[in-house]
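Please open the model in your viewer and keep the sequence panel beside it, so that each selection below can be followed in turn.

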Amino acid sequence: MTSKPTTAFALSIVGGIFVLLGGLSVMMLGAILSFLPILGKGIALVGDIGALCGVVMLVGGALMYVMPDRHLIWGILVLVFSILSWVGAIGGFAIGFLLGLVGGILGIVWKPSGVAVNVNLRNVASQGHQQAVAQMQGTCSNCGSPLPSGAKVCSACGVPA
Ligand SMILES: [Zn+2]
């Protein structure tokens, strides 16, 4: 079983929802101001971009959970689009931006717990090996075989140590 970046996933999803709401608010503002010839359409377009940032953050957060092996890409995606959300989604009322920022960074630095276990096992194996080496004391003067500490006779050639 591989672990999941659950915290990064949750923060990215909630941040994405706030950014999406921020983008929709800007789109609504554009609709209200649609009587203005250029400004109304401009604001609506910017709101579209903001809402898109929220959607990308939601997808990035979801992919952190679905494909945690590629957490680096999804973390960067969430991080970048949470910053971009200031353009068209008022940074998801700042909350979406902050959640996306933290969620993205947590996604980038996340380490699967399976890897940590492997490292620990390797350390244990290496310690065992070092102990085995430490128990060998010197080599046989006749054939050069390593002698265990306290050995009276060489196990390889039978010559007294
Ligand atoms: Zn020997």
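Begin by selecting helix 1 (residues 6-32) together with helix 2 (residues 39-66), whose axes come within 7 Å and cross at roughly 165°. Because angles over 145 degrees count as roughly antiparallel, helix 1 is roughly antiparallel to helix 2. The crossing of these two helices is left-handed, and the contact of helix 1 with helix 2 has 20 nonpolar, twelve polar and two charged residues. Bear in mind throughout that this is a predicted model.

**The nonpolar core**

Next, select Ala-8, Val-19, Cys-53, Met-57, Val-78, Phe-81 and Ala-89, which, of the 27 residues in the largest nonpolar core, touch the most other members. Helix 1, helix 2, helix 3 (71-88) and helix 5 (95-109) each supply at least two residues of this core, and the largest share, nine residues, comes from helix 1.

Now centre the view on Phe-81: which residues does Phe-81 touch, if those up to four places away in sequence are not counted? They are Cys-53, Val-56, Met-57 and Gly-100.

**The whole chain**

Finally, zoom out and colour by secondary structure, where six helices and two strands can be picked out in the chain; read along the sequence, they follow the pattern α-α-α-α-α-α-β-β. Of the 161 residues of the chain, 32% count as buried. If you display the contacts with a separation of 6 or more, residues 24 or more positions apart account for 63% of them.

Definitions and conventions. Residues numbered from 1 in each chain as written. Predicted model: local features only at pLDDT ≥ 70, side-chain atom pairs only at ≥ 80, totals over all residues. Helix = DSSP H or I, 4+ residues; strand = E, 2+ residues; numbered from the N terminus. Buried ≥ 20, exposed ≤ 12 C-beta atoms within 10 Å, placed from the backbone. Contact = placed C-beta atoms within 7 Å. Axes fitted to C-alpha atoms, helices over the stretch in contact; angles between N-to-C directions. Parallel < 35°, antiparallel > 145°, perpendicular 65-115°, else oblique. Left-handed = near helix turned anticlockwise from the far one by under 90°. Nonpolar A, V, L, I, M, F, W, Y, C, P; charged D, E, K, R; others polar. Core = buried A, V, L, I, M, F, W, Y, C linked by C-beta atoms within 7 Å.
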